[in-house]
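Here is a short tour for anyone meeting this chain for the very first time. Have a look at the picture, and then read on.

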Amino acid sequence: MKRTFAILHALLLVGCSTGAINTPESQAGGQALQECLSSVDLYRMSTSCFKSELVNPDSEAFVKATNHWNSALANMPVDEQLLAHVLMNNIEGAKAAIESGANVNATFTNRIIVGPDALSPETQKPVLQIAAEDLDIEMVELLLVNGANPNLRRADTDVDLFTGQVRNYSYRNMADGTRIHVSGLDVLELAIQYGLTPTAVSLEWLDQALSVTYGSTGPAMLAAFEELWARATPAVRREYVEISAANRARAADAASLRSAERYKRRAEADALMQQHNESLRRIGTRICKEEQGNLSRILYTGYVVGLAAEKVQIRVSNAVPESAPSVTLGGFRESIIWDYPSSWYMCE
């Protein structure tokens with residue numbers, strides 16, 4: 001769970017100081033503090049030491065939780081310290097870890113980052129990817145400036161660390177106190193400045209994003225695509241063309257299938273309508289019709305007694321208000337009419 005480092009100085013566990021009233025809130029704060037103090041790994045500390053119960057920076061509980069976090073962090077390898085600061089969006093802490101020798105290209109498993117219940121817990125993820133996925137542009141730049149490799153990926157068939165975020169956006173609280181809007185495109189442009197080169201999958205991903213991009217971001221995204229295209233090797237360009245062609249073929253097949261499905265449903269509906277109309281053209285069939293009267297809707301009941309090319313002859317035998325079906329409409333008289341069968345339906 002992402003939190004700004006300011007939270008470290010703004011949260012506490014309520015009700016843990018001497019003489020506090022034993023309220024449900026203080027009990028929850030005390031329990032949260034115990035969970036924090038019993039945690040030693042990064043994942044458990046990050047999820048237990050900064051819970052919503054921790055709201056009073058002047059409390060003894062806050063001091064204990066913060067001291068435990070800082071003490072545990074100080075005893076971790078410097079690479080894990082960097083990871084902790086990246087997860088907490090703590091730019092100053094990340095700078096200190098880098099100055100202490102942290103590897104800006106260090107990778108960690110999802111198990112360490114988001115816990116043992118993470119999807120694919122053993123999958124490796126570099127700290128640069130964590131910052132990029134969080135659109136923490138200040139952290140991304142810090143890592144890139146200090147030598148983080150923007151081209152880290154498990155395989156050349158993977159999308160790069162940045163293009164996959166290009167349609168996302170967020171608001172960031174910067175270290176100087178300002179609040180800015182950050183898009184995935186901003187982070188991608190930054191990575192391009194620091195040497196990002198594309199895979200074929202990345203180019204196709206960006207191409208797909210371009211197809212649904214509107215407004216002022218369109219030209220910037222196109223410029224990013226063109227810059228990455230210029231950096232692509234001939235092999236990557238060929239693979240991109242092949243992927244694009246295959247995707248277009250799949251899209252065309254899907255569109256054709258949808259069209260065929262629509263045609264099939266339309267044909268089935270037409271067949272049902274024809275069957276219904278044929279049923280309404282059988283001599284002796286009891287049919288019904290509803291029309292709006294002066295005060296309520298009127299239900300007419302009749303029988304097919306004759307046929308013509310398009311219309312049927314109907315003996316209208318009854319008319320009742322829809323709101324009182326047991327009462328015959330006043331003044332109604334049985335009559336013979338000609339009408340289109342589509343205006344009527346089979347009575348239940």
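A nonpolar core is a set of buried Ala, Val, Leu, Ile, Met, Phe, Trp, Tyr and Cys residues joined through side-chain atoms within 4.5 Å. Keep that in mind while looking around, and remember that what you see is a predicted model.

**The chain as a whole**

The chain has 348 residues, and buried ones make up 37% of them. Its secondary structure comes to 12 helices and nine strands. What about contacts across the sequence? Among contacts with a separation of 6 or more, 57% are between residues 24 or more positions apart.

**The cores**

In soluble globular proteins, nonpolar side chains tend to be buried together. Here, the largest nonpolar core has 62 residues. Which residues have the most contacts inside this core? They are Leu-82, Val-140, Leu-143, Phe-162 and Leu-188. Take Leu-82 and set aside its neighbours within four places in sequence: Leu-82 is then in contact with Ala-94, Ala-97, Ile-98, Ala-102, Asn-103, Val-104, Val-127 and Leu-143.

**A histidine in helix α4**

His-85 is found in helix α4. Is this histidine buried or exposed? His-85 counts as buried, because its relative accessibility is 10%, and the cut-off for buried is under 20%. Leaving out neighbours within four places in sequence, the contacts of His-85 are Leu-73, Asn-90, Gly-93, Ala-94, Ala-97 and Met-139. Ala-94 and Ala-97 also turn up among the contacts of Leu-82.

**Two disulfides**

How many disulfides does a search of the whole structure find? It finds two. If you number the bonded cysteines of the chain in sequence order, the pairing reads 1-2, 3-4. Here they are next to each other:

| Disulfide | Sulfur-sulfur distance |
|---|---|
| Cys-36 and Cys-49 | 2.1 Å |
| Cys-288 and Cys-347 | 1.8 Å |

Start with Cys-36 and Cys-49. The torsion about their S-S bond is about 90°, so this disulfide is right-handed. The pair links distant parts of the chain, 13 residues apart: Cys-36 sits in helix α1 (residues 24-37), while Cys-49 is in the loop between α2 (42-48) and α3 (60-74). Cys-36 counts as buried because its relative accessibility is 0%, and Cys-49 is buried too, at 1%.

Now for Cys-288 and Cys-347. The torsion about the S-S bond is about 110° for this pair, so the disulfide is right-handed. It also links distant parts of the chain, with Cys-288 in strand β5 (residues 286-292) and Cys-347 in the segment after β9 (345-346), 59 residues apart. With a relative accessible area of 5%, Cys-288 is buried. Cys-347 has a relative accessible area of 16%, so it is buried as well.

**An open sheet**

Strand β5, which holds Cys-288, is also part of a sheet. This is an open sheet of five strands in the order β8-β7-β6-β5-β9, and the pairing is antiparallel. Which strands are at the edges? They are β8 (335-339) and β9, each pairing on one side only. Strand β7 (residues 312-321) runs antiparallel to β8, and five bridges join the two. Look along this pair and you can find Ile-314 standing opposite Ile-337 in β8.

**Two residues with positive phi**

Most residues other than glycine have a negative phi. Two residues are worth a look with that in mind. Asn-89 is not a glycine, yet its phi is positive, near 55°. Asn-89 lies in the loop between α4 (78-87) and α5 (91-99), and it counts as buried because its relative accessibility is 14%.

Ser-120 is not a glycine either, and it has a positive phi of about 50°. You can find Ser-120 in the loop between α6 (110-114) and β2 (124-126). Is Ser-120 buried or partly exposed? At 42% relative accessibility, Ser-120 counts as partly exposed, since that term covers values between the 20% cut-off for buried and the 50% cut-off for exposed.

Key
Residues are numbered from 1 along each chain as its sequence is written. This is a predicted model: local features need pLDDT of at least 70, side-chain atom pairs count only at pLDDT 80 or more; totals for chains, interfaces and linings use all residues. Side-chain values use heavy atoms; hydrogens and water are left out. A disulfide is a pair of cysteine sulfur atoms within 2.5 Å. Helices (H or I, at least four residues) and strands (E, at least two) are DSSP runs, numbered from the N terminus. Buried means under 20% relative accessible area, exposed over 50%, partly exposed in between (1.4 Å probe, protein chains only). Two strands pair if DSSP finds at least two bridges between them. Contact means heavy atoms within 4.5 Å.
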